[in-house]
Structure formats: structure tokens, C-alpha cells
Amino acid sequence: MAFTGIPEAAFDFYDDLEIDNSKTFWTAHKQTYDEAVRAPMEALAEALEDDFGPAKLFRPNRDLRFAADKSPYKTHQGLFIAVGTATGWYLEVSAAGVRAAAGCYHADSAALKAIRTGIDSPAGAQLQKEIDQLVARGWELGGDELKTVPRGYSKDHPRIGLLRKRSLVVTQPYNFAEFVRTPQLLDRVRSDWERARPLIDWIVQRLPD
């Protein structure tokens, strides 16, 4: 199946799911999910595989074992291409539209220590430069961060903002731009992910084996 864009029906589906997140609704509208959400995402993943690697499409069901919110379904569809532990490229469709992302969404203690060591080193200046260039192109820097200064670092460190990060993610919101409904989304995701490749490479080079 060739990728032709994310249809309007996908956004309508998630609009409605946010209102009625029930098995009854899901069963009645599963064909819409399969055709308007999952099939286009699978086609997009296949088209990007040669450049970035095989993708995982996340299951629509939520893990309710430890959740206070017992809503059975996720209100978005995520696609992830891993190139390292919890590190890689991401794409999401939801009621808010489409967004692309890249980075490390979760660092365990060993990975976090290695990344912070890199940020503290001369190589950290290159990381800051790459992030600044992405932000200038419309990316948003996110990720969980400490409210305090991490142990062993000064609050006056030139990259204290990055050192406080417990995850390092940049996001490019497409929202409802006209191109998301067309085959042009494939080219946009490909080019944006390529721009984020230096960030991915920087992180992967520092992740523990």
C-alpha cells in the first residue's frame, strides 16, 4: 500500500474516542481505526524503513495494571523506530493532528550518567549547537527534567539546561497542516528526521553497551 497521507477520518476518530473511550465505541469504529489510522501509519513506516530502519506501531490498548485512569484505549497512535535503548525517531497521530519527534525518551541511571558526561565535555557544545539549529527550524525541546541542579554540577554551568534533562526529546508539531493529509507528509517526515540525525547519533554514541 502506497502512503497517501493521514485522512481526516483519523483525526475525527480520535476526537470521538476522547469523548467516548469505551470498548463499545471501539468495536463500532474499529474499521475506521484500521483503515484511517493503522493502514496509513503502516504504509508510512514501510516507506521510511530503508532510510531509518524497521518501525514499531504501538498497540492501541492501554496498560491498565497500575493506572488510575481505566480508559481502555490510547488517544493517539504512535510509530517508533529504535536505534538505541529508548532512543530513536517517533511519529504520532491524535486529535491534535500529527507530530514528529526524535531523541531519548527514557534514560536509566547508567545512560543518564553517560549523557550528562557528554554534555559536560567539549562535545556538549556541539550538542547544544545541533539543538539550537533544530529549534530555529521550528522544533521544540522537551523531555522530563529536574527542578534542581543535578548532583556534581554547578548551577552556573553553560549547559545546565541540558544537564537537568532526564530525557532528551525534540518535537516538530505539524498539527493540521495541509500536507499531513497528502503524500507530502512522507517527504516532510523524512527530511525532518534527517535533520535530527546528528542529535540521535550524539546520544547513541554515548549510550552504554
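Predicted model: local features only at pLDDT ≥ 70, side-chain atom pairs only at ≥ 80, totals over all residues.
Reader: Thanks! What does the side chain of Arg197 meet in a salt bridge?

Author: Its partner is Glu194, at 2.9 Å from N to O. A salt bridge here is a side-chain nitrogen of Lys or Arg within 4 Å of a carboxyl oxygen of Asp or Glu. Glu194 is partly exposed too, at 34% relative accessibility.

Reader: Which residues do salt bridges that share partners join into one network?

Author: That network is made of Asp51, Asp187 and Arg190.

Reader: And how far apart are the closest N and O atoms of Arg190 and Asp51?

Author: They come to 2.8 Å in that salt bridge. Arg190 sits in helix H6 and Asp51 in helix H2 (residues 23-52), so the pair ties together parts that are 139 residues apart in sequence. The helix and strand labels are DSSP runs numbered from the N terminus: helices are H or I with at least four residues, strands E with at least two. Arg190 is partly exposed, with a relative accessible area of 24%, and Asp51 is partly exposed at 36%.

Reader: How many salt bridges does the count come to?

Author: There are 12 by this rule. Another one of them joins Glu145 and Arg164, whose closest N and O atoms are 3.3 Å apart. That pair links distant parts of the chain, 19 residues apart: Glu145 is in the loop between S5 and H5, and Arg164 in the loop between H5 and S6. Glu145 has a relative accessible area of 34% and is partly exposed, and Arg164 is partly exposed at 24%.

Reader: Nice. Switching to the sheet: what is the order of the strands?

Author: Six strands form an open sheet in the order S1-S2-S3-S4-S6-S5, with antiparallel pairing. Two strands pair if DSSP finds at least two bridges between them. The edge strands are S1 (56-57) and S5, each pairing on one side only.

Reader: How many bridges join S2 to S3?

Author: Eight bridges, with the strands running antiparallel. Leu79 stands opposite Leu91 in S3. S3 and S4 also pair in the antiparallel sense over eight bridges, and a hairpin of two residues joins them. There, Tyr90 stands opposite Ala101 in S4.

Reader: What about S4 itself, is it mostly covered or mostly open?

Author: Mostly covered: seven of the eight residues in S4 are buried. S4 is also joined to S6 by seven antiparallel bridges, with Arg99 having Pro173 in S6 as its bridge partner.

Reader: Which strands does H2 lie across?

Author: H2 lies across S1, S2 and S3, running at about 20 degrees to S2. Axes are lines fitted to C-alpha atoms (for helices over the stretch in contact), and angles run from 0 to 180 degrees between N-to-C directions. Contact means heavy atoms within 4.5 Å.

Reader: Now the helices. Which residues of H4 are buried?

Author: Gly124, Leu127, Glu130, Ile131 and Leu134. They cover an arc of only 120 degrees around the axis, which puts them on the same side of H4. The arc is that of the directions from the helix axis to the C-beta atoms. Among the elements covering them are helix H3 (109-120), strand S6 (168-175) and helix H7 (197-206).

Reader: How far does H4 reach from its first C-alpha to its last?

Author: H4 (residues 123-136) has 14 residues and reaches 20 Å, close to the 20 Å expected at 1.5 Å a residue. The expected span is 1.5 Å times one less than the number of residues. Gly138 follows H4, with a positive phi near 100 degrees.

Reader: Last one: which residues are buried in H7?

Author: Leu199, Ile200, Trp202 and Ile203. Seen down the axis of H7, its buried residues fall within an arc of 160 degrees, so they line one face of the helix. Their cover includes strand S2 (76-84), strand S3 (87-94) and strand S4 (97-104), along with H3, H4 and S6.

Key
Residues numbered from 1 in each chain as written. Heavy atoms only, no water. Buried < 20%, exposed > 50% of the residue type's maximum accessible area, 1.4 Å probe, protein only.
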